[in-house]
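Hi,

Here is the structure I promised to pass on.

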Amino acid sequence: MAEQEAGETGVSGADGATFRQAMSRLSQQVHVITGIGAKGRCGVTVTAVASVSDDPPTVLFCLNRSSRTFPLFEDAKVFCINTLAGEHVPVADAFAGRGNLDTDARFALADWTTMETGAPVLKAALASFDCRVSQVIDMATHRIFFGVVEATTNGADTARALTYYNRGYVVC
Ligand SMILES: Cc1cc2nc3c(=O)[nH]c(=O)nc-3n(C[C@H](O)[C@H](O)[C@H](O)COP(=O)(O)O)c2cc1C
């Protein structure tokens, strides 16, 4: 296959570093995935979320199997995708492990409720997708969790989204 042509400020190739550099050009919404694992409630900040199907409503998220959070999620049968609003930078940081807060201290930063599955639902989320795990697939370094959506919430039309772009938070 022909070598990829470099952009004006880019480099060609596809090793991990150049892949991550190109991925930094994608603007992605920030979510906290919550779950109920073997040790109780757990949560982690991710951008790797996607809609899979609307029949049945199905979503996925990807979690690095070498992260400290992974063992907490490993046996989870339920999860909730909590899509963050602009005000949730401290929540995003805490669930990304910044500040080294324990699980209770992370959850204490916001108000939570539950819907159908019992997974924690962020009350002020832009949207929440309460899911039962339907399948998991290990792919390279990550585990892909698929979930059938049992309940959703959505915030106000005027709410602003928390995104991650060029290695920093952007509210839009
Ligand atoms: C904006 C943002 C997006 C992230 N997206 C993902 C992701 O999609 N998947 C993932 O496994 N980790 C993601 N992380 C990293 C985790 O939140 C966490 O920081 C990482 O797993 C290291 O935490 P540990 O202390 O559990 O090892 C993201 C972190 C940030 C700040």
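Below is what turned up, going from the whole chain down to single residues.

First, the ground rules. This is a predicted model, so local features need pLDDT of at least 70 and side-chain atom pairs count only at pLDDT 80 or more, while totals for chains, interfaces and linings use all residues. Residues are numbered from 1 along each chain as its sequence is written, and side-chain values use heavy atoms, with hydrogens and water left out.

**The chain overall**

The chain has four helices and twelve strands; these are DSSP runs numbered from the N terminus, with helices being H or I of at least four residues and strands E of at least two. Its C-alpha atoms fill a box of roughly 50 × 35 × 35 Å along the principal axes. The radius of gyration is 17 Å, which agrees with the value near 16 Å that a compact globule of 172 residues would have (taken over C-alpha atoms; the globule rule is 2.2 Å times the number of residues to the power 0.38).

Of the 172 residues, 36% are buried. Buried here means under 20% relative accessible area, exposed means over 50%, and partly exposed is in between, with a 1.4 Å probe and protein chains only. The chain exposes about 9800 Å², and carbon and sulfur atoms supply 51% of that (Shrake-Rupley areas, 1.4 Å probe; for residues, only the protein chains shown count as cover).

As for contacts (heavy atoms within 4.5 Å), take those between residues at least 6 apart in sequence: 61% of them join residues at least 24 apart. On the charge side, there are 14 positive and 18 negative side chains, and the centres of the two sets lie 7 Å apart. Lys and Arg count as positive and Asp and Glu as negative, leaving out His and the chain ends; each charge is placed at NZ of Lys, CZ of Arg, CG of Asp or CD of Glu.

**The aromatic cluster**

A search of the whole structure gives seven aromatic pairs. Rings of Phe, Tyr and Trp (its six-membered ring) pair if their centres lie within 6.5 Å; planes under 30 degrees apart are stacked, over 60 edge-to-face, and the rest tilted. One of the pairs is Phe 61 with Phe 73: the ring centres are 6.0 Å apart and the planes sit at 65 degrees, so this pair is edge-to-face. It links distant parts of the chain, with Phe 61 in strand β5 (residues 57–64) and Phe 73 in helix α2 (residues 70–73), twelve residues apart. Both Phe 61 and Phe 73 are buried.

Phe 61 also pairs with Phe 79, again edge-to-face because the planes are at 70 degrees, with centres 4.8 Å apart. Phe 79 lies in strand β6 (residues 78–83), so this pair ties β5 to a part 18 residues away in sequence. Phe 79 is buried, as is Phe 61. Together with Phe 145, the residues Phe 61, Phe 73 and Phe 79 form one aromatic cluster.

**Around Leu 60 and Ile 144**

Leu 60 is in strand β5 too and counts as buried, at 16% relative accessibility. Beyond its neighbours within four places in sequence, Leu 60 has contacts that include Ala 50, Ile 81, Ile 144 and Phe 145. The C-alpha atoms of Leu 60 and Ala 50 are 5.4 Å apart, at ten residues along the chain.

Ile 144 is in strand β10 (residues 142–154) and is buried as well, at 14%. Leaving out neighbours within four places, Ile 144 touches residues including Leu 60, Phe 61, Gln 135 and Met 139. Leu 122 is 22 residues from Ile 144 along the chain, and their C-alpha atoms are 22 Å apart.

Most residues other than glycine have a negative phi, and most peptide bonds are trans. So which peptide bond here is cis? The one joining Asp 55 and Pro 56, with omega about -5 degrees. Pro 56 is in the loop between β4 (49–54) and β5, and is partly exposed at 42% relative accessible area.

Asn 100 has about 55 degrees; it lies in the loop between α3 (89–95) and α4 (103–107) and is exposed at 57%. Arg 167 has about 70 degrees and lies in the loop between β11 (162–165) and β12 (168–171).

Cheers
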